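Dear colleague,

I am handing over the structure below, and after it you will find notes on what turned up. Please read the notes with the coordinates open beside them.

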Amino acid sequence: MKRWKPISIIASLVMLVALIATSTPYGEGNLAQADTSAQGDTVIVRAYFPSLELAHKVVISFEAETLESEYETGYLVMQVTQDQIAVLTNLGFRVEGDEQYTLSTMSIPSYPCYRTVEETFATAQAIANDHPNLATWTDQGNSWEKSAGLGGYDMMVLRLTNSAIPGPKPKLFITGAIHAREYTTAELATRFAEYLVDNYGTDADATWILDYHEVHLMLHTNPDGRKKAETGLSWRKNTNQNYCGATSNNRGADLNRNFEFQWACCGGSSGDPCEATYRGPSAASEPETQAAQNYMRAQFPDQRASSLTSPAPNDATGVYIDLHSSGRLVLWPWGFTSTVPPNGTQLQTLGRKFAYWNNHTPQQAIGLYPTDGTT
């Protein structure tokens with residue numbers, strides 16, 4: 001059976017590959033200057049874009065929900081307010097109502113193909129029960145609501161590998177749904193897990209992956225926020241009631257600006273608790289961030305020197321992927337500076353290889369806008 005050499009090109013041993021990214025920047029030129037978060041009734045529209053580059057930036061930057069990215073046919077399906085329509089029009093978009101989409105898909109209950117948090121966790125538990133030699137389902141911490149005694153969820157990880165074959169084995173760690181309203185990501189990771197275990201022993205690739213690798217999946221990295229999104233709200237952050245008011249729909253911290261690495265360093269996040277990219281009051285202040293960060297560190301031992309210019313050594317192994325939707329992008333470090341990282345050539349090569357298979361746009365993360373404190 002074929003075997004790949006371990007991938008040895010991970011800067012900081014934690015690689016960000018935002019395969020299909022929807023996130024909201026802080027400081028994105030004209031988009032950041034406009035108030036695109038106005039409250040009010042929303043409608044679902046087709047927004048025909050004047051250029052693909054601008055479409056990518058709107059999907060990533062705009063404080064409105066992109067439901068579909070129809071890049072090949074020249075439009076985005078978006079749920080927007082009247083104020084947001086005006087901003088799009090000023091940017092050169094042609095906006096039309098999408099009555100058919102409005103009637104068929106108004107909120108998450110109308111998406112029968114996407115499992116809820118509870119259904120996702122039940123699937124993962126069933127995989128572990130039905131395939132004890134291939135899967136384990138473990139608790140790695142608590143969500144904010146569970147930490148505060150308000151219900152909430154455990155921060156669970158599904159680990160897949162053939163335990164009968166000893167390691168050490170190269171590791172893949174995937175986080176899904178760190179931004180709650182990006183519905184597709186947890187489902188994508190869950191279906192990947194189902195495919196691997198269902199096809200083990202019959203499909204050569206699935207068998208090889210599980211025999212000679214470890215696959216680690218944090219299917220819901222923001223489960224509290226996801227439950228808010230499942231009600232139809234365009235919810236991005238966690239639900240921490242200490243930020244922006246206990247009952248505000250703008251409360252919480254953006255978990256993908258709350259990580260310790262380069263936290264609040266470079267204008268790539270917001271200090272306003274009501275903003276979509278609020279970074280939290282301190283680095284890794286949120287329990288969800290702590291759970292993900294601690295799990296990463298347990299899987300990927302630090303082999304780099306402390307300087308940002310120090311490369312990871314050639315025998316470093318492992319891949320980390322943070323799934324987002326729906327920008328159709330493959331992004332790699334750094335996001336906080338335009339400086340090419342010390343393993344930049346290797347990261348670019350891997351990112352381009354990923355993009356070859358799915359036609360996404362590959363680029364260094366800062367090519368869209370600065371981010372700091374990210375995965």
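C274 is partly exposed, with a relative accessible area of 37%, where buried means under 20% relative accessible area, exposed over 50% and partly exposed in between, computed with a 1.4 Å probe and protein chains only. This is a predicted model, in which local features need pLDDT of at least 70 and side-chain atom pairs count only at pLDDT 80 or more, while totals for chains, interfaces and linings use all residues. Residues are numbered from 1 along each chain as its sequence is written, and side-chain values use heavy atoms, with hydrogens and water left out.

C274 is joined to C244 by a disulfide with an S to S distance of 1.9 Å, a disulfide being a pair of cysteine sulfur atoms within 2.5 Å. The torsion about this S-S bond is about 105°, so the link between C244 and C274 is right-handed. Both cysteines sit in the loop between α9 (223–229) and α10 (287–299), 30 residues apart; helices (H or I, at least four residues) and strands (E, at least two) are DSSP runs numbered from the N terminus.

By this rule there are 2 disulfides, and the other joins C265 to C266 with an S to S distance of 2.2 Å. The link of C265 and C266 is left-handed, with -105° about the S-S bond. C265 is partly exposed at 33% relative accessible area, and C266 is also partly exposed, at 33%. When the bonded cysteines are numbered in sequence order, the pairing reads 1-4, 2-3. C113, by contrast, is exposed, with a relative accessible area of 52%.

Turning to the fold as a whole, the protein has 11 helices and 11 strands, and 54% of its 375 residues count as buried. Among contacts (heavy atoms within 4.5 Å) between residues at least 6 apart in sequence, 75% join residues at least 24 apart.

Leaving out residues up to four places away in sequence, L217 touches several residues, among them M156, I174 and F192.
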